[in-house]
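Please look through the sequence and the model below before reading on.

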Amino acid sequence: MKYSFNPPYAIKRIFNDFIWESSINKILLTFDDGPLPETTPVILNSLNKLKVKALFFCVGNNASKYPSLISDIIDQKHCIGFHSSQHENIRKLTVNEFKFQLSDFRLMLKEKYDYNLKYFRPPFGKFNLRTNKILKEADLKNVMWSLLSFDYKNDLNLVKFAVDKYLKNNSIVVFHDSLKSIDIIVDSLENLKEIVNKNGFEFGDPSECLK
Ligand SMILES: [Zn+2]
């Protein structure tokens with residue numbers, strides 16, 4: 001499945017228990033693929049300046065390698081979701097492998113940070129009915145998106161175009177906590193904030209956007 005800026009309506013209809021949009025008229029900001037020492041502090045600093053709370057979909061291996069960044073994200077009142085152990089296509093995992101990944105990450109967050117995992121996002125947006133069932137059984141909300149910023153293409157003008165054309169008052173927006181977008185991420189976030197203000201929209205806290 002290949003996604004454009006906004007995933008196709010048919011997919012949203014079939015997987016209608018996934019979350020594609022904010023449940024209230026507020027914008028949810030999400031960051032995939034971190035944490036990384038080169039990027040996460042830069043993003044946290046920018047979010048702090050813009051006064052926005054975000055949801056970070058973390059890769060398990062990165063979270064294990066950089067525990068202080070997980071602490072920083074939690075301490076600064078942002079949220080953490082899971083994005084697989086090694087950023088793999090979860091359709092290629094066995095049921096047991098996928099279940100183990102979920103329980104392992106959940107336990108790590110609970111034991112090290114006393115943090116309850118509630119959200120998951122599949123790498124590459126790839127999932128199927130089987131992974132859907134496992135997520136349901138694990139009581140994890142599968143958080144998709146309605147605006148892919150394409151920030152990983154490292155082209156600020158493309159991000160500006162995406163936001164200008166597709167941002168709505170209930171969008172779930174995807175950015176990346178990754179080296180691919182680090183050169184443009186601060187400008188991208190400042191641009192987003194400007195567009196949000198210009199349209200009279202507002203950002204929401206992850207928990208209120210995902211009720
Ligand atoms: Zn990813």
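Which residues does D33 touch, not counting residues up to four places away in sequence? If contact is taken to mean heavy atoms within 4.5 Å, D33 touches F57, V59, N62, H83, H87, H176, D177 and S178. This is a predicted model, in which local features need pLDDT of at least 70 and side-chain atom pairs count only at pLDDT 80 or more, while totals for chains, interfaces and linings use all residues. Residues are numbered from 1 along each chain as its sequence is written, and side-chain values use heavy atoms, with hydrogens and water left out.

Helices (H or I, at least four residues) and strands (E, at least two) are DSSP runs, numbered from the N terminus.

D33 is buried, with a relative accessible area of 17%, whereas H87 is partly exposed, at 22%; buried means under 20% relative accessible area, exposed over 50%, and partly exposed in between (1.4 Å probe, protein chains only). The side chain of D33 also makes a polar contact of 2.9 Å with the side chain of H83, a polar contact being a pair of N or O atoms within 3.5 Å, where within protein one must be able to donate a hydrogen and the other to accept it, and residues adjacent in sequence count only if both atoms are side-chain atoms.

The loop between β1 and α2 also holds T39, which is buried with a relative accessible area of 0% and whose side chain is joined to that of D177 by a polar contact of 2.5 Å.

In α2 itself, T40, I43, L44, S46, L47 and L50 are buried. N48 and K49, on the other side of α2, are exposed. The buried residues of α2 pack against β1, β2 (54-58), α4 (67-75), β7 (172-176) and α8 (185-199).
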